[in-house]
Amino acid sequence: MKITRRNFLYSTLTSLIFFNQRQVTLAHNTSSDNLISGNTKKEKDALIIVDVQNDFCPGGTLAVKNGDTIVKEVNKIQKLFRYVILTQDWHPKDHTSFSTSNPDRKVFTTKKMPYGEQVIWPPHCVIGTNGAKFHKDLKTDNANLIIRKGFRKNIDSYSGFFENDRITSTGLNGVLKSLKIERVFVVGLALDFCVQYTALDSVRLGYKTYVIKNATLPVDIGDSVEQTINNFEKNDVKYGKLDEFI
Ligand SMILES: [Zn+2]
């Protein structure tokens with residue numbers, strides 16, 4: 001058959017539709033095969049597992065004290081959800097937030113950026129390194145989606161929804177909206193930064209939002225934990241154990 005523009009477009013369109021159907025089927029099978037049965041698998045609930053990566057666990061460059069101790073609980077919780085999203089901090093090695101990019105500043109101090117105050121962090125979660133990998137015990141097979149964030153050199157991204165200008169989207173909201181999600185549950189590292197920002201954006205976007213207490217831990221800088229809990233209360237983010245919510 002002579003390949004005309006019309007033929008080419010038609011075959012491309014057909015394979016796209018086929019590919020799409022195949023993807024949907026695969027995603028459906030994965031969910032039903034691997035998750036436990038029961039009425040706790042709510043179609044309108046999503047679990048977001050924030051940054052459970054080596055650099056945020058003991059031995060990492062920005063370790064959360066006992067950060068790895070939440071992994072067991074996170075694995076247990078994710079069996080109860082049909083929709084599981086992982087976020088992954090994912091920085092170029094010369095990222096603007098790194099102390100190595102700011103030799104005149106100390107770690108955990110701040111600098112002004114066009115989008116607001118930026119904390120100076122030790123280099124962490126550099127693209128392609130072991131530190132950026134998920135913790136080896138974190139179950140990742142049930143995840144529907146992995147959102148990578150912070151890969152633009154000149155802007156940091158704490159939230160799974162938006163980068164720190166609160167405008168540049170990661171795409172996560174579009175996925176949750178198209179799945180008709182109504183409730184968002186957040187776990188992971190660290191409570192006072194990426195978990196907090198993810199939860200506050202989630203509630204701002206109109207999702208009922210819950211942070212699961214025994215599946216998150218803080219970096220704990222100054223009064224960051226107290227501020228986080230206050231922000232949850234002020235913004236109607238529920239903070240407690242999972243069995244209080246489902
Ligand atoms: Zn980071």
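**Exercise 1.** Determine whether Ile-127 is buried, exposed or partly exposed.

*Solution.* Count the other C-beta atoms, placed from the backbone, within 10 Å of the residue's own: 20 or more means buried, 12 or fewer exposed, and in between partly exposed. Ile-127 has 15, so Ile-127 is partly exposed. The model is predicted; local features need pLDDT of at least 70, side-chain atom pairs count only at pLDDT 80 or more, and totals for chains, interfaces and linings use all residues. Residues are numbered from 1 along each chain as its sequence is written.

**Exercise 2.** List the contacts of Ile-127, leaving aside neighbours within four places in sequence.

*Solution.* Contact requires C-beta atoms, placed from the backbone, within 7 Å. Trp-90, His-91, Pro-92, Ala-132 and Phe-151 qualify. For Pro-92, 35 residues away along the chain, the C-alpha separation from Ile-127 is 5.8 Å.

**Exercise 3.** Classify the packing of H4 (residues 191-204) on H5 (residues 224-234).

*Solution.* Helices are DSSP runs of H or I with at least four residues, numbered from the N terminus. Axes are lines fitted to C-alpha atoms over the stretch in contact, and angles run from 0 to 180 degrees between N-to-C directions. The two axes come within 10 Å and cross at roughly 15°. Angles under 35 degrees count as roughly parallel, so H4 is roughly parallel to H5. On the H4 side, the contact is made by Leu-191, Asp-192, Gln-196, Ala-199 and Leu-200. H5 contributes Ser-224, Val-225, Thr-228, Asn-231 and Phe-232.

Definitions and conventions: Helix = DSSP H or I, 4+ residues; strand = E, 2+ residues; numbered from the N terminus. Parallel < 35°, antiparallel > 145°, perpendicular 65-115°, else oblique. Contact = placed C-beta atoms within 7 Å.
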